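Hi there,

Here is the structure I promised to pass on to you. Please open it alongside this email, and my notes on what turned up follow below.

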Amino acid sequence: LPIVRGQGLSAPEILAHDYDAGFLLIEDMGDGRFADLISTGTAERPLYETAIDALARLHDVAAPKTLAVPGAADVHLLGYDPVAMEAEVLLLADWFYPAASGGPLADDARAAFVAAWRAALAQLNVAAPVMILRDYHAENLMWLDERAGVARAGLLDFQDALAGSPAYDLISLTEDARREVSVDLAQAMTERYVALRRSADARFDEDAFRFAAALLAAQRNTKIVGIFSRLW
């Protein structure tokens, strides 16, 4: 993504493309996935600190209206709004519940579930959206040791990017569905992110951010339970 690379972050360079055929030739960022490195003994905290620093850098600018695509027309960046979030949490009702209980969710229970989520999501303030990558976690981050600072975190899997709350990708990283992130590490990384955002923007509202993080943690994990059930 040019916007990412323009902020000094590392996203794969597109070397060649054939959009009609559905092919890209992109930069090889090696084999150093954060999750793999940690599983073989690399200390996780420095990796997570770099990931947090890169995320804070990404959030230094507001979400763009469009994204530039090399050799093609710009793409409109859609918003991650309560309508989209409601559709995602319904994956739990439509897929996990029948798998767990042996039958569909009753209409009145489904209506109560939707009403509860609508009331919660209505409280989410996204007046200043940023670009969220939506799958920002240790399996989509590559360690680029030859680079410096935030550029050492190679960013992958951003094709579903939207404009939304800055808390979403923090939760993706610290409440990873694929590997255990300790409470201590998650709290420390949240504190690091908050400190970086405060120093970059005096208007940063920590209380609103922490509320969004709690709400989006519930929303994301509800969605994931439903998605994994659907995949199964």
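The salt bridges come to 20 in this predicted model. One of them is formed by the side chains of Glu 49 and Arg 192, at 3.7 Å from N to O. Glu 49 belongs to helix H3 and Arg 192 to helix H7 (residues 183-200), so this contact ties together parts that are 143 residues apart in sequence. Arg 192 is partly exposed, with a relative accessibility of 29%.

Another of the salt bridges joins Arg 118 to Glu 86, with 2.8 Å between the closest N and O atoms. This pair also links distant parts of the chain: Arg 118 sits in helix H5 (residues 107-121) and Glu 86 in helix H4, 32 residues apart. Glu 86 has a relative accessibility of 16%, below the 20% cut-off, so it counts as buried.

Arg 198 and Glu 206 meet through their side chains too, at 2.3 Å from N to O. Here Arg 198 is partly exposed, at 45% relative accessible area. There is also a network, in which salt bridges with shared partners join Arg 5, Glu 13, Glu 27, Glu 146 and Arg 147.

Buried residues in H3 include Leu 47, Ala 51, Leu 55 and Leu 58.

Now to the aromatic rings, where the count is four pairs. How do the rings of Tyr 80 and Tyr 168 meet, edge-to-face or stacked? Their centres are 5.2 Å apart and their planes stand at 90°, so the pair is edge-to-face. Tyr 80 lies in the loop between strand E4 (75-76) and helix H4 (82-101), while Tyr 168 is in helix H6 (residues 167-174), 88 residues apart. Both are buried: Tyr 80 has a relative accessible area of 4%, and Tyr 168 is at 1%.

Phe 204 and Phe 209 make a tilted pair, with 5.5 Å between centres and 50° between planes. Back at Tyr 80, Arg 134 lies over the face of the ring, 4.7 Å from its centre.

Finally, the surface: Tyr 19, Leu 24 and Ile 26 make a nonpolar patch of about 270 Å². Leu 24 lies in strand E2 (residues 23-26) and is partly exposed, at 49% relative accessible area.

Best wishes

Conventions:
Residues are numbered from 1 along each chain as its sequence is written. This is a predicted model: local features need pLDDT of at least 70, side-chain atom pairs count only at pLDDT 80 or more; totals for chains, interfaces and linings use all residues. Side-chain values use heavy atoms; hydrogens and water are left out. Buried means under 20% relative accessible area, exposed over 50%, partly exposed in between (1.4 Å probe, protein chains only). Helices (H or I, at least four residues) and strands (E, at least two) are DSSP runs, numbered from the N terminus. Rings of Phe, Tyr and Trp (its six-membered ring) pair if their centres lie within 6.5 Å; planes under 30 degrees apart count as stacked, over 60 as edge-to-face and the rest as tilted. A charge sits over a ring if NZ of Lys or CZ of Arg is within 6 Å of the ring centre and within 35 degrees of the ring normal. Patches are made of residues with over 30% relative accessible area and no salt bridge: like charges are joined within 9 Å, nonpolar side chains (Val, Leu, Ile, Met, Phe, Trp, Tyr) within 5 Å. Accessible areas come from the Shrake-Rupley method with a 1.4 Å probe; for residues, only the protein chains shown count as cover. A salt bridge is a side-chain nitrogen of Lys or Arg within 4 Å of a carboxyl oxygen of Asp or Glu.
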